[in-house]
Structures are given as structure tokens and as C-alpha cells.
Amino acid sequence: MANQWRGVITEYFDRLDIAPGTKIITLGEGGTPLVHAPALAKLVGAEEVWLKVEGMNPTGSFKDRGMTMAVTKAVAHGAKAVICASTGNTSASAAAYAAAAGIKSVVLIPEGKITLGKLAQAIAHKASILQVKGNFDDCLVLARDLSENYAVHLVNSVNPDRIEGQKTASFEVVESLGFAPDFHVMPVGNAGNYSAYFKGYLEEFNEGIIKAVPKLWGFQAEGSAPFVAGHPIENPETIATAIRIGNPASWDLALSAQECSQGEFGAVSDAEILSMHRFLSNEVGVFVEPSSATGAAGLFKNSKLGKVPAGAKIVVTVTGHGLKDVGWALKDENGNEVSPTSCSKDAAEVAELLGLEKN
Ligand code: AN7
């Protein structure tokens, strides 16, 4: 397999905290496309915008970059089972990598609050799934408790192996562009990914590969925006279920990343998220899950506040694949279900239905 992308651990072995000889558990994660998005650049008045399309990872989200590290290390430590709390994507990823490693996975999800696509992934990869009567934050407390007292290895992003793996996304951005963007924008839940991008960029800076660390802009959903409030939110609410998180695990790491990068946190409404979700699929051609549109929605909001310089080069990470949460795509702007019109097999009739001109 000389010409195939080998997954982030092998591709970046020298730059990761991993011992030579370790048996690597990989599904070929990373190496995701950096898609040029002139329509978005025009919308926000920037010189260039690219989307780092993390939905192209093996389980359809950025979590796989961290999970290859976390499960590899768990196996190296002799773990027979991994556990996570999850709003959906972490559980899909943990279940898949555990399956690849031949160990068990346990996932704790907030009752009724993860999308069907993600639940299907966890089931498909034969995770033991429990719906907890509580929100994500309650699930994380429970997962930490179990991992401290029972023989099960925690793979949430409080585990530094996750952040270590996820930092590789910054390396890829710099390699693709040949420079660091002025701004890097993304959705924020636990802020593990935000912290990981900072770690990656800081290492590139310290090695003299880039001249400056990009300003990191992290956006949350308004009903679930602890970094904007400055304190945890007890009952977070948003349609963006992936980031329905009130008590972010990487609070301190994220605040120092924000400060050191001269970045900022902001919040956008569910309506703004859904509108950007539609824009990305309609005008850019990239189908993401609604939560993943939160960064781009925030960028648009900041552009209206005059915060986007005309010469800016910007990367926006879209974190998860649209097929994970199809419900919103099946509705129009007014919230009505969209379904295809039925038609006959007659070409003339069908042409008329479609308004096609005769040639
Ligand atoms: C699509 O799966 O927390 O700020 O349990 O699924 O690093 O938490 C998911 C988070 C953004 C936020 N976009 O990342 C989970 C989980 C998508 C996500 C985030 C998540 P972090």
C-alpha cells in the first residue's frame, strides 16, 4: 500500500507522543480535503476561505484523529474495554476503533438527544450503549467515575491522547496551504478540538514552520454557550445536538488557547446555524451536520460586525458529515418537510414539470 494515506499516527509518527513499536489501531483517518470555498469567502468579505472537511474521516467526523491515538494507547496499556460519554460522534468513533482493535466499547449518551445516524453507527460497531437520564455533562461525570473505579479506559477528550491525535489537523492545513491561515474557525462543545488545533499550530510555530499562530475563533450555540457566559450552563439547549454541552471538559486549555492565539469565542442562534447549514450545501457543495455549520455561521456573524479584514485568509473546520443528521436537510426554509414530486414516465410531461426548454 505504498501510495495510500496511512492514518495520522503513521503519517506524523515523529511528531506524536507515541513509542516506537506500538501496535497501531487505525482506520486510515486524516488526510481530509481542504476545500476552496469562494462562495463563502464572498459572503464574509474575505480574500480566501477553505473548509477543512472532517466529515471525510472514516466514521464521518474529526473524532477519528484522536480516537486512533486513544485506542492505540489503551490497547498498549492492556485495556480490554473503552468508555466514553458522547453527544454522538465520539461514540461512533470509539465504537469503530474498538471494533478494529478487537476490544469492547461502552458508550453513555444523553437520552433522546443523539441523532439516529450516530446511534446507528454505535450499534453497528457493537458498542454497549446506555442512554443516561441526563445531559452530556452528566454522562461525562459518570464515564469518568466508571473509568476511575472499574477496568475500562476513558477515551473522551479529557484523555490527552485525543488532543494529541487531533492536533494533526493543523499540520495538514499548513501542509496543504504552505502557510498558516490568519484565522481558523470552528464549532466548540467541550473545546477539545479548539485546544488541539492550538497545540498543532503552536508546535508548527515553535519549529519555525509558520510565522504566526492563526487567531482561533470558536463558536457555540446560543443556548449552550458557556465560554461566552464565562461559566458552565446547567441546562444547555440547541438543535445542534453535537455541541449541546454546558460544562466543557477542556475549559482551561481552551481559555489559554484563546488568549495565546488572540482568538475569541462567540455564539450564534439555532436559526443562524441552520441558515449556514443550508448555505454550505446549497452554495458551496459541502453537506455537513448542522452542528458543524456553527463555525461558518459565526464567521458570517463576525463579518457583519466588521471583524473580517478584506485580505484575510481563513480556514473553517466543518466537523461532521451531513448524513449523520439528515432531518434538517429534509425541511425547507419554513420548516416544511420536502419530498420529491411524483411523475409519470412520459418525457414531455416530465420536461414540463421541470420547466425544461426544448432544444
Ligand atoms: C460535529 O461526540 O462532544 O469542542 O461527544 O460532534 O472538541 O467537543 C462532539 C463534539 C463539533 C465539538 N462538531 O467538538 C461528542 C462530542 C461536532 C461534534 C464538536 C462535536 P469539541
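A residue counts as buried when its relative accessible area is under 20%. The legends below describe close-up views of a predicted model.

**View 1. Ala96 in helix H4 of the predicted model.** Ala96 is placed in helix H4, which comprises residues 89-101. With a relative accessible area of 4%, Ala96 falls under the 20% limit and is therefore buried. Leaving aside residues up to four places away in sequence, Ala96 touches Leu27, Thr59 and His125. Glu289, by contrast, is 193 residues from Ala96 along the chain, and the C-alpha atoms of the two are separated by 19 Å.

**View 2. Helix H3, residues 63-76.** Helix H3 has 14 residues. From its first C-alpha to its last, H3 reaches 20 Å, close to the 20 Å expected at 1.5 Å a residue. Twelve of the 14 residues are buried, so H3 is largely enclosed by the rest of the structure. The buried residues include the charged side chains of Lys63, Asp64, Arg65 and Lys73. Also buried in H3 are Gly66, Met67, Thr68, Met69, Ala70, Val71, Thr72 and Ala74. After the helix comes Gly78, which has a positive phi, near 90 degrees.

**View 3. The crossing of helices H8 and H9.** Two packed helices are described by the angle between their axes and the distance between the axes. For H8 (residues 168-177) and H9 (residues 192-206), the axes come within 7 Å and cross at roughly 55 degrees. The two helices are therefore oblique to each other, and their crossing is right-handed. On the H8 side, the contact is made by Ala169, Ser170, Phe171, Val173 and Val174. H9 contributes Ala196, Tyr197, Gly200, Tyr201, Glu203 and Glu204. By class, this contact has seven nonpolar, two polar and two charged residues.

**View 4. His184 in strand S7.** His184 lies in strand S7, which spans residues 183-187. Its relative accessible area is 0%, so His184 is buried. Ser86 is 98 residues from His184 in sequence, and the two are 25 Å apart in space, C-alpha to C-alpha.

Conventions:
Residues numbered from 1 in each chain as written. Predicted model: local features only at pLDDT ≥ 70, side-chain atom pairs only at ≥ 80, totals over all residues. Heavy atoms only, no water. Axes fitted to C-alpha atoms, helices over the stretch in contact; angles between N-to-C directions. Helix = DSSP H or I, 4+ residues; strand = E, 2+ residues; numbered from the N terminus. Parallel < 35°, antiparallel > 145°, perpendicular 65-115°, else oblique. Left-handed = near helix turned anticlockwise from the far one by under 90°. Contact = heavy atoms within 4.5 Å. Expected span 1.5 Å × (residues − 1). Buried < 20%, exposed > 50% of the residue type's maximum accessible area, 1.4 Å probe, protein only.
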